[in-house]
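Me: I would like to learn how to read strand pairing, packing and helix faces in a model of this kind. Could we go through them one at a time?

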Amino acid sequence: MTTDAKTGAIEFQAEVRQLLDIVIHSLYTDKEIFVRELVSNASDALEKMRYLQLTEKEVFDENLELEINITTDETAKTITISDYGVGMTREELQENLGTIAHSGSKKFLEALSESGQKEASLIGQFGVGFYSAFMVAEKVSVYTHSWSQDGEHLCWSSDGRSGYEIEEAPGQRRGCKVVVQLSEEQEEFCKSARIREVLENYSSFVPFPILLNGERINTVEALWLKNKSEISEEQYTEFYKFAAKAFDEPRYCMHFTADAPISINALVFVPGENVERWGMGQTEPGVDLYCKHVLIDPGCKDLLPEWLRFLKGVVDSEDLPLNISRESMQDSALLQKLKQVVTKRFLKFLDTEANSNPEKYEEFYGRFGRLIKEGIATDHAYREQLAKLVRFESSMTESGKSGSFSDYVTRAVEGQEAIYYQIGPSREAIEAGPYLEAFKARGIEVIYLTETIDDYVMSSLSEFEGKKLVPVDREDVKLDELDESEREGESMPEEEVTRLCTFLKEQLGDRVEAVEPGVRLLESPAMVLVAEGGMSPQMRQMMKAMNPGEAPPLNVKLQINPRHDLIHKLAQASQSSPEVAGMISSQILDNALLSAGLLEESKDMVERVYAIMDAALSKDG
Ligand code: ADP
Ligand code: MG
């Protein structure tokens, strides 16, 4: 922060200048948004005041109504928004209006620099708060006195370019009075009718009286305390936009009331988008905790499990003591109870939605499925309920369509005790590999998973309705023997198989634990299986990422298909041209490792493939 001694001007932090530049020059076509932002700040300040009144004795300007006054002046070309909220001290003015300390705007900037100009529409989804006033203003002045007795009477002002000034301004009431001096092109906003129109759109849920030029324009009601049947779809949507400070439409809305074991009125929303998918870092918890209308803790951290951080809305409980402090609340048994009830209800709600409208649920899952999986991996308490909500493609779904574990179980073959899955980079890659054929031949479904966290999720879950979850590349997968008639090709004599396995093991050395004939193979010549006690390919990758240079041992077995033509030929070549057979052995292993997602290094392979080509061409010539 630089201060100019002569004028008392203070420079904005660089990020603020950057933000202002974007706000003023490109961002919104919808300039009226600034009214909503300033009213929302006034409302936040009043909420904080209402809470402080419960806990603090010494309050400046004590007997003021908790309300918002808006006045327009067509002669002076101003709009003024004042509240009797908590106000700001000199330090708070500098911190809150001169730097970007709060995460919302910071993330906004990060997202913008990551996505570049082309995603400007995405940016329209975010409010940029106080600074939006500069879309319409030549100058903004904030007159204020903090709720604290020893605060000063101050005026912060800026033209939104390089910096701001803070001067003494005697005679302020408690709270903030924001005077927006409108620029010439934006004079429409000093007309009462225009502002009324904007407020009617945006401010119907502000929980404090709003007066426009002395006339009351909203009715204060806590929507979540009303009866479902009295609330329209539009009201829910408008409330979502107000409560979540959102610009999109909610995807789901759950409204419920309970009396036992604890009194709860909850109105929670799933937003349209999961912004974490846009690389915006972790979302802050978005459900506010109320007690009888009074906001106790906005974005309450301990109200819901972390993996439900995408939810927005309100939970109100009469059973909470009003004067509870935010610190002591964290370990309160009541809060634990609230958490349990709301979480369970929400999971049940999702399950019902998933069954009654699968298409809609699939869209939800595409965006928020990661958080469901995160819940399974991190939160033992809700694992079973969460498992019902997981969706995946499989060898029995069409590409792009998904099913659930319950669907899988109904399709299981008689006597099937496990649920099988394969993790791979894509449906195509999984289907091209050697693992599926054994399952297909037996009519057994295999789940396809394609996310890095899936390995961790599946091992955390470990079973569904008593059936173990088993990856297809494990050695210990036991399948029924197939009839001879179902197999193609002739098997080599047993001694020859043994001899070839010994040859392969000699050639491959430590790269494999063992080489053996595989009963699971049908069309592919070979595959690798993760030996018992061995690490899954995904786990291995993670370990390697954490300790580069220290690759954990592979622990794989190579299985060959004694009926496969290539294997027959390899057996012959191992005697007639052992050198080429040696190269081909290594290549068979590399191919199998590749299918398993275990091939780490392609340099040797490329050289070897050239050598094999060379041998093939020399022979033909
Ligand atoms: P946000 O509301 O998302 O925190 P804003 O840019 O809208 O971001 O506001 C920045 C900060 O300025 C607020 O967090 C608050 O601390 C302070 N502030 C803004 N308006 C008021 C007001 N009317 N009364 C008290 N503090 C305010
Ligand atoms: Mg704000």
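Me: Which residue is the bridge partner of E516 in β23?

Reply: In general, strands of a sheet pair through backbone hydrogen bonds, either parallel or antiparallel. Here the bridge partner of E516 in β23 is Q559, and β21 pairs with β23 (residues 556–560) in the parallel sense over four bridges; strands are DSSP runs of E of at least two residues, and helices runs of H or I of at least four, numbered from the N terminus, while two strands pair if DSSP finds at least two bridges between them. This is a predicted model, in which local features need pLDDT of at least 70, side-chain atom pairs count only at pLDDT 80 or more, and totals for chains, interfaces and linings use all residues. Residues are numbered from 1 along each chain as its sequence is written, chains are lettered from A and ligands numbered from 1 in the order in which they are written, and side-chain values use heavy atoms, with hydrogens and water left out.

Me: In what order do the three strands form the open sheet?

Reply: The order is β21-β23-β22, with mixed pairing. Because β21 (514–517) and β22 (526–530) stand at the edges with a single partner strand each, one side of each is left without a neighbour in the sheet.

Me: Which residues of helix α3 are buried?

Reply: An α-helix has 3.6 residues a turn, so residues three or four places apart point the same way. In α3 (residues 90–98), L93, L97 and G98 are buried (under 20% relative accessible area, with exposed over 50% and partly exposed in between, for a 1.4 Å probe and protein chains only). Seen down the axis, they fall within an arc of 85°, so they line one face of α3; the arc is that of the directions from the helix axis to the C-beta atoms.

Me: What does F364 contact, leaving aside its neighbours within four places in sequence?

Reply: F364 is in contact (heavy atoms within 4.5 Å) with R251, Y252, V270, F310, L350, G369 and I372.
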